[in-house]
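Here is a short report on one structure. Look at the model, then read on.

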Amino acid sequence: MPLELAKYGNGEIPAAALSSIGQGSHTMWAPAAQAYQTLRAAAARDGVTIEATDSYRPYEQQVDLAQRKGLYSQGGLAAKPGTSEHGWGLSLDLDLNTKALTWMRAHAKDYGFSENVPREPWHWTFTT
Ligand SMILES: [Zn+2]
């Protein structure tokens with residue numbers, strides 16, 4: 001966890017510390033957003049398309065998601081609000097076909113991203 005983020009708190013990252021990832025309104029912590037854009041461009045050069053479906057998730061959105069999808073602890077798909085990795089602006093959920101997933105598993109680490117949640121091959125996190 002970068003110190004800059006720890007001081008803000010999960011789901012409380014100010015807009016000034018976030019950056020567009022170049023897809024829709026999705027944002028991440030600025031250094032992660034930059035790394036993702038580099039990764040995505042490299043994938044494109046290899047003929048692989050990567051799309052993000054979820055990115056930074058403010059606290060209120062974590063509450064909403066937990067209500068809609070249920071908590072992990074109760075068999076659902078959402079983290080307890082205030083604990084989601086998406087609340088740090090470090091994680092993305094990606095729409096990956098088999099080719100794209102294979103590419104990510106081979107190359108994402110070169111850009112600082114890792115597949116770090118069991119049974120969630122769509123969830124990738126930037127680690128410094
Ligand atoms: Zn995720």
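## Basis of the model

This is a predicted model, in which local features need pLDDT of at least 70, side-chain atom pairs count only at pLDDT 80 or more, and totals for chains, interfaces and linings use all residues. Residues are numbered from 1 along each chain as its sequence is written, and side-chain values use heavy atoms, with hydrogens and water left out.

Helices (H or I, at least four residues) and strands (E, at least two) are DSSP runs, numbered from the N terminus.

## Helix H3 and glutamine 62

Helix H3 spans residues 59-69 and contains glutamine 62. Gln62, Leu65 and Ala66 of H3 are buried. They cover an arc of only 100° around the axis, so they sit on the same side of H3. The arc is taken from the directions that lead from the helix axis to the C-beta atoms. An α-helix has 3.6 residues a turn, so residues three or four places apart point the same way. Glu60, Gln67 and Arg68 are exposed on the other side of H3. Buried means under 20% relative accessible area, exposed over 50%, and partly exposed in between (1.4 Å probe, protein chains only).

Glutamine 62 has a relative accessible area of 2%, so it counts as buried. Leaving out residues up to four places away in sequence, glutamine 62 touches Asn10, Gly11, Arg57, Lys80, Pro81, Gly82, Thr83, Ser84 and Gly87. Contact means heavy atoms within 4.5 Å. Glycine 82 is 20 residues from glutamine 62 along the chain, and their C-alpha atoms are separated by 7.2 Å.

## The sheet

Four strands form an open sheet in the order E3-E4-E6-E5, with antiparallel pairing. E3 and E5 (113-115) are the edge strands, and each pairs on one side only. Two strands pair if DSSP finds at least two bridges between them. Neighbouring strands of this sheet are turned by 45° against each other on average, direction ignored. Axes are lines fitted to C-alpha atoms, for helices over the stretch in contact, and angles run from 0 to 180 degrees between N-to-C directions. H2 lies across E3, E4, E5 and E6 and runs at about 80° to E5.

E4 has three bridges to E3 (residues 51-54). Three bridges also join E4 to E6. Four of the five residues of E4 are buried, so E4 is largely enclosed by the rest of the structure.

## The zinc site

Which residues coordinate the zinc ion? They are His86 (NE2), Asp93 (OD) and His123 (ND1), at 2.0 to 2.1 Å. Donors are N, O and S atoms within 2.8 Å of the metal (3.2 Å for Na, K and Ca); water is not among the atoms, so sites may look incomplete. The donor spacing in sequence is H-x6-D-x29-H.

Histidine 86 and aspartate 93 are both buried. Aspartate 93 in E4 stands opposite aspartate 54. Histidine 123 in E6 is a bridge partner of aspartate 93.

## The nonpolar core

The largest nonpolar core has 31 residues, and Tyr36, Ile50, Leu94, Met104 and Phe113 touch the most other members. E2 (27-29), H2 (30-45), E4 (91-95), H4 (98-107) and E6 (123-126) each supply at least two residues of this core. H2 gives the most, with seven residues. Such a core is a set of buried Ala, Val, Leu, Ile, Met, Phe, Trp, Tyr and Cys residues joined through side-chain atoms within 4.5 Å.

Methionine 104 touches Leu39, Ile50, Leu94, Leu96 and Trp124, not counting residues up to four places away in sequence.
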